[in-house]
Amino acid sequence: MTERNTFTLDGEEVPFEPGQSIMNAALAAGRYIPHLCHNPEFRPHGSCKLCTVKVNGWLGASCTTPATKGAKVESEIPEVQEGRRAIVQMLFIEGNHFCPFCVKSGDCRLQAIAYHLGMEGSHLPHRFPSRQLDASHPDVVLDRDRCIACNLCVRASREVDGKEVFGLTGRGVETSLAVNSPSGLLKDTNLEPGDRAMQVCPTGALMLKRHGYETPIGERRFDQQAIEAAWESDY
Amino acid sequence: MVSTWLSATLYDIAARYDHDRHALLQMLRAVQAARSCVPEEAIQFFARHLNVPIVEVRGCVEFYSFLHATPRGQYDIYFSDSPTDRMAGSLVAAERLAARLGVEFGVPRPDGRVTLGLTSCTGHCEQAPAGLVNRRVFTRMTEDRVDRMADLIERGVPVEQWPEVWFHVENSIRVSGPTLETHVTPGDALRASLVRGLPQTLDEVEASGLQGRGGAGFPVGRKWRGAYETRGIHYITCNADEGEPGTFKDRILLAGYADELFEGMTIAGLIVGAEKGYLYMRGEYEYMLSGLQEVLASRREAGLLGEDVCGSGQNFDIIIHLGAGAYVCGEQSALLESLEGRRGIPRIRPPSAVKKGLFGQSTVNNNVESFVQAAQIALMGGAWFADLGEEKSRGTKLLSVAGDCTRPGIYELPLGVTVRELLERCGGSHAKAVQVGGAAGRTVGRAEFERHISYADLATGGSIMVFDERRDMVDLARQFAHFFAHESCGFCTPCRVGTQMLQHYADKLASCQGSRHDLAQIRSIGQMVKGYAHCGLGETAPNALLDTLERFPEEYEAHLLPEADFVPDFDLDAAVSEARALTGRDDRLHQLEHGKVEAES
């Protein structure tokens, strides 16, 4: 009999398959590690860095770090939580995120993770960027103000929908979610409301038109339950 | 509508690169050169023609600093912007030229005649101020030359007819060592390797103790061994994307030691079983391209490249690929992405490039200097090299020295040399600080001049900048903060946003609007970015700010607003300026001065 492959996550054993990332092993075991650009359905991207953990004393993104036997993984420790909080603050001040009047409030992972991490303010100067909104599509609106460049819609469109509707362009702080059509507009793509790409946005950047307030604020996913309990709801 | 003329030109450009999708960046460079921009029609043509998503082509154009969606001027001028260029008067010269020509930085003159801008260090720091005009390198730009340049531009004189001396590039070698003194007769190191046996040559490279000369210091032999033991297709890539501010030693090697470089790449290729090598050279060095192509041609003619290299029974050839203005492409995996014709976004590691590199195959990527020294080791043997340097840093290193010293240039010295010794040699006796390793490196003050330049202590890819008493360390750190905010690829949150924040606080401090709270912000953001960033760029981006804060606290103190513990980031004055303009109220009561808000209320 061979020994089981396990590592410890904050002291508790988590089993893993060879080649599996720390993140996917943790999620499969029902353990939550905060993340925004990851979804076990798609290839890992490793860009938001929110899922950073300490692996045997070294910081690394758990979505791209392979699990190894006997590794000591620390996640919910003050040092790491503090770094994650700084990342969420950075995401908030980078774009234009106004929770009180955002249609996604209560259903937004960025907001829910900010609560999870105890973020009470942005603590950094807001950038207030000027970004283009695309409401050209009959059923979909792309509000780049709320985009955090997580690349999930890009991957979902490519890997599940087989369409390649989106891509990231630009450099540095000008990195932007672009639409793959000659006009650069959503109306000239074959995006459909039922596409997987429409379901994976962690914020309110990609929204269906005419479906904004079907669930009243206060009764939404993360209004009811904190993200550490409700994270599985759309995987 | 795509004009027939344009689409024919675009087709020709694509054909020049065998319609290979991976050469997209090269094609876009060619369009930029021909049209002074990459027009929308070209983006759509390549997307269709190469079967690449439009967003990817557009993403490439937006990613690289030397590609532009809208036309540049007929004369497209960039001044190199690094601290040592500024110390030599680059900004004064650039601003004078702008005034003479009546242009704003980065904005084409309405008549389309000229564009003038700044660009990250172009690698000619010892003959600063340097820059580029229509992709040609100029050096030692003086105010007098600037005046004449403005006149030539107004008269429409082609750049080819400008005084040749403006484009003169010196080789600036001050101290030669075994690397610069060992000229390998083309083919000699290859033949020695084949006679000794390729596996035995790999042993020699390992025994030499040669470590990656880009600065990271990974043992070259171990890297080659890793690829040697990996099955499948292999590639050799050479990192000649010398973008670290203050570094120009690869420029010297590319100009004078191309045979050694190509020989080193070829030996690596034969050892690991690669048939193709790529030289990734920064776009700023385009002026050396034709010379390098000639060296490649003569090596092919001599049977040192191509089929059955040197009678080895193996094929190997080298292709040169040019960058287009992106510092991050010096990061190994970003370089591979760029070689494949994409935006230079660093890849996820693992796997390493040796396991899965270019086109998903095992790849040996080394610095220019590493390949040159490897070729010399293949000829002279490992011991020849290992006898020099320190226990854990073997051999000599090329150092590019610039800034406040009387003898700037290239110094080839054994690793382990102290900062003090180097300063004595280069005439930098008045130095108060030395930046070792460029923007990403470390700042050391006088108290640390006994430290060693080596992999064990102060590692550097070659950049050494000397600063004397006159220099403002806060302003210096601010310049580096701007550099990283400009060069961050934008992939990961900590670096994309963190470098912007560091730039913000550095600006606030340098303009004497900061408080102690802002120093704390820099420390905490800096530490966080270092720990959480995706690649080496982010990991090193806060270094200069953190180092200068620690070593020159009195200079930061002198920049603080007196008696202020906290200065809000929100600029009330700026926020009400629009309303003030609209209402036409501009009397004293409606004017808030920085820092005086509390005092007057």
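**Reading the model: strands, sheets and helix packing**

Modeller: B:H234, B:I236, B:C238 and B:A240 point one way from strand 6 of chain B, B:Y235, B:T237 and B:N239 point the other way, and all are buried. This is a predicted model, in which local features need pLDDT of at least 70 and side-chain atom pairs count only at pLDDT 80 or more, while totals for chains, interfaces and linings use all residues. Residues are numbered from 1 along each chain as its sequence is written, chains are lettered from A and ligands numbered from 1 in the order written, and side-chain values use heavy atoms, without hydrogens and water.

Biologist: Why is strand 6 of chain B called largely enclosed?

Modeller: Buried means under 20% relative accessible area (exposed is over 50%, partly exposed in between; 1.4 Å probe, protein chains only). In strand 6 (residues 234–240) of chain B, 7 of the 7 residues are buried, so the rest of the structure largely encloses this strand. Strands here are DSSP runs of E, at least two residues, and helices are runs of H or I, at least four, numbered from the N terminus.

Biologist: What makes strand 9 of chain B a partner of strand 6 of chain B?

Modeller: Two strands pair if DSSP finds at least two bridges between them. Strand 6 of chain B and strand 9 (residues 362–367) of chain B have 6 bridges and run parallel. They therefore pair.

Biologist: How many bridges link strand 6 of chain B and strand 7 of chain B?

Modeller: 6 bridges, again in the parallel sense, and strand 7 covers residues 276–281 of chain B. B:G277 in strand 7 of chain B stands opposite B:I236.

Biologist: Where is B:C329, and why is it called buried?

Modeller: B:C329 sits in the loop between strand 8 (317–322) and helix 15 (332–339) of chain B. Its relative accessible area is 1%. That is under 20%, so B:C329 counts as buried.

Biologist: What touches B:C329?

Modeller: Contact means heavy atoms within 4.5 Å. Leaving aside neighbours within four places in sequence, B:C329 is in contact with B:Y64, B:D241, B:Y280, B:A334, B:L335, B:S338 and B:G344. B:D241 is 88 residues away in sequence, yet its C-alpha is 6.9 Å from that of B:C329.

Biologist: Why are helix 9 and helix 13 of chain B called roughly parallel?

Modeller: Axes are lines fitted to C-alpha atoms, for helices over the stretch in contact, and angles run from 0 to 180 degrees between N-to-C directions. Helix 9 (residues 188–196) and helix 13 (residues 258–272) of chain B pack at about 25°, with axes 9 Å apart. Under 35 degrees counts as roughly parallel, over 145 as roughly antiparallel, 65 to 115 as roughly perpendicular and the rest as oblique. So helix 9 of chain B is roughly parallel to helix 13 of chain B. Their crossing is right-handed.

Biologist: Which residues make that contact between helix 9 and helix 13 of chain B?

Modeller: Helix 9 of chain B brings B:D188, B:A189, B:L190, B:S193 and B:L194, and helix 13 of chain B brings B:E263, B:T266, B:I267 and B:L270. They divide into 5 nonpolar, 2 polar and 2 charged. Ala, Val, Leu, Ile, Met, Phe, Trp, Tyr, Cys and Pro count as nonpolar, Asp, Glu, Lys and Arg as charged, and the others, Gly among them, as polar.

Biologist: What makes helix 9 and helix 10 of chain B roughly perpendicular?

Modeller: The axes of helix 9 and helix 10 (residues 198–208) of chain B come within 6 Å and cross at roughly 110°. That value falls in the range 65 to 115, so the two helices are roughly perpendicular. The contact joins B:S193, B:L194 and B:R196 of helix 9 of chain B to B:L198, B:Q200, B:T201 and B:E204 of helix 10 of chain B. It holds 2 nonpolar, 3 polar and 2 charged residues.

Biologist: Why are strand 2 and strand 4 of chain A called edge strands?

Modeller: In chain A, 5 strands form an open sheet in the order 2-1-5-3-4, with mixed pairing. Strand 2 (12–15) and strand 4 (58–61) of chain A each have a single partner strand, so one side of each lacks a neighbour in the sheet. The twist averages 35° from one strand to the next.

Biologist: What packs on this sheet of chain A?

Modeller: Helix 2 (residues 78–94) of chain A does, touching strand 3, strand 4 and strand 5 (72–74) of chain A. Its direction makes about 155° with that of strand 3 of chain A. Strand 3 (residues 52–55) and strand 4 of chain A run antiparallel, joined by 4 bridges. A:V53 has A:G60 of strand 4 of chain A as its bridge partner.

Biologist: Which strands stand at the edges of the open sheet of 6 strands in chain B?

Modeller: The order is 5-13-12-18-15-16, with mixed pairing. Strand 5 (173–175) and strand 16 (442–445) of chain B each pair on one side only. Strand 15 (residues 431–436) of chain B pairs with strand 16 of chain B in the antiparallel sense, over 4 bridges. There B:Q435 stands opposite B:T443.

How values were computed
A crossing is left-handed if the near helix is turned anticlockwise from the far one by less than a right angle, and right-handed if clockwise.
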